[in-house]
Amino acid sequence: MSDPLSTEEDEFGARKSFWDHLRDLRKALVRSFIAIGLAMIACLLLSHRIMPIFEYPLHNIDKFQEPKPTVAFEIGDTKLGPYEVPADEFGHVEGGLKQLRYKIGVDEIDGKKVATLTPLPVESTMPSLRVRLLNLTPAEAFFIAFRVAFYAAMIVAAPFWIYFMGQFFLPALSVREKKVFFQWLGWGVLLFFSGVLLTYFFLLPLALKASVEYSNLLGFQAQDWRADAYISFVSKLILGMGLGFQFPVVVLLLVKMGFLTADQLAHYRRHVVVLSLIVGALLTTPEVITQVSMAVPMYILYEISILIARYWERQDRRREAAEAREV
């Protein structure tokens, strides 16, 4: 017969343990928010340095083809252009430069004021496509700075908030579980950053280029974009691609848990092709190049997942055969 007093003590200990865990979770969350908040303040002060990182894909949308001929003008501190011009108008330029800049000034000749054009050296980092980011409302600049600082702060403070949250979750895992957790976490982080880098350096320039070309095809001007909409599009596309690259991690986790087999994965190949194209259409611009650019890596990762699943199954069969021989 159980002792009522002992039962009450066990229940009190359980309640105390629950509240201790809740207090530890609150402490981890508070520390994480403080780390993100401090990083956000620093990023707000450095937002003018962070913004060029978001603008890099925009300045490289012609990187996969030869830049179009352009001409730009400067009047004091004001810059006009660059403007696209016919290629044959550059035939007289020595060296065949495709981008020219001129300084517009005023000079006096024979007592008369005349306008002058002074050739300027071409900047190697000069964007070859003519897109400017604009703020169209008085408060938009503050919202943009806040959004940019928030995204940057989440990355800068990631080592700290991951460490604080890990202090809460990891003690509940055994040594073996921790080893497995870090293995899966490592592959997940590697695939996430692979998707981010692929999008940042390859997919985004293609998507932005396609957007400009479609605007020109429809007869619209594509020289001016809202900065807020541009940053939102870039952030969502990069994050979406990073999350999309977690697909093989989810698939292999289901295989490891016994819900899927390599044969089942091979059977659903056609479905995955369609799914990859749908995900590419949802997370990129509605045109074929960027959709395929996202769908192809996802499907390749799926095929790699099938190979890994077959390898795991062969390892399991060999282990079972060895155990049977020992018996």
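Contact means heavy atoms within 4.5 Å. The legends below describe a predicted model.

**View 1. L208 and the residues it touches.**
L208 touches P57, L58, I61, W225, Y230 and F233, leaving out residues up to four places away in sequence. Two of these partners, W225 and Y230, are among the residues with the most contacts inside the largest nonpolar core. L208 is itself on that list.

**View 2. The largest nonpolar core.**
This core has 32 residues. Those with the most contacts inside it also include F54, V148 and I231. Which helices each supply at least two residues of this core? They are helix 1 (4–45), helix 2, helix 3, helix 5 and helix 6. A second, separate core has nine residues, including L203, V249, V279 and M294. In soluble globular proteins, nonpolar side chains tend to be buried together.

**View 3. The largest pocket.**
About 1,300 Å³ of space lies in this pocket. The pocket is lined by 35 residues, and M154, I155, A158, F192 and F193 are the closest to its centre. Two or more lining residues come from each of helix 2 (47–59), helix 3 (140–156), helix 4 (158–169), helix 5 (175–217) and helix 6 (227–244). Helix 5 gives the largest share, 11 residues. What classes of residue make up the lining? There are 30 nonpolar, four polar and one charged.

**View 4. C43 in helix 1.**
C43 lies in helix 1. Is C43 buried or exposed? C43 counts as buried because its relative accessibility is 6%, and the cut-off for buried is under 20%. Beyond its neighbours within four places in sequence, C43 is in contact with I50, A149, A152, A153 and V156. Take A153: C43 and A153 are 110 residues apart in sequence, but their C-alpha atoms are 6.4 Å apart in space.

**View 5. E74 in strand 1.**
E74 is found in strand 1 (residues 70–75). With a relative accessible area of 13%, E74 is buried too. Apart from neighbours within four places in sequence, E74 is in contact with K79, R101, Y102, K103, I104 and L120.

**View 6. Confidence along the chain.**
The mean pLDDT of the chain is 79. In all, 84% of its residues reach 70 or more. Where is confidence lowest and highest? Strand 2 (residues 78–84) is lowest, at a mean of 72. Helix 8 (residues 262–267) is highest, at 88. Over residues 124–128 the pLDDT is below 50. Beyond near neighbours in sequence, that stretch has 11 contacts in the model.

Conventions:
Residues numbered from 1 in each chain as written. Predicted model: local features only at pLDDT ≥ 70, side-chain atom pairs only at ≥ 80, totals over all residues. Heavy atoms only, no water. 1 Å grid on protein atoms, 1.4 Å probe; cavity = no way out; pocket = protein on both sides within 12 Å on 5 of 7 lines; lining within 4 Å. Points joined across faces, edges and corners; volume = space filled by probe spheres on them. Helix = DSSP H or I, 4+ residues; strand = E, 2+ residues; numbered from the N terminus. Nonpolar A, V, L, I, M, F, W, Y, C, P; charged D, E, K, R; others polar. Core = buried A, V, L, I, M, F, W, Y, C linked by side-chain atoms within 4.5 Å. Buried < 20%, exposed > 50% of the residue type's maximum accessible area, 1.4 Å probe, protein only. pLDDT = per-residue confidence, 0-100.
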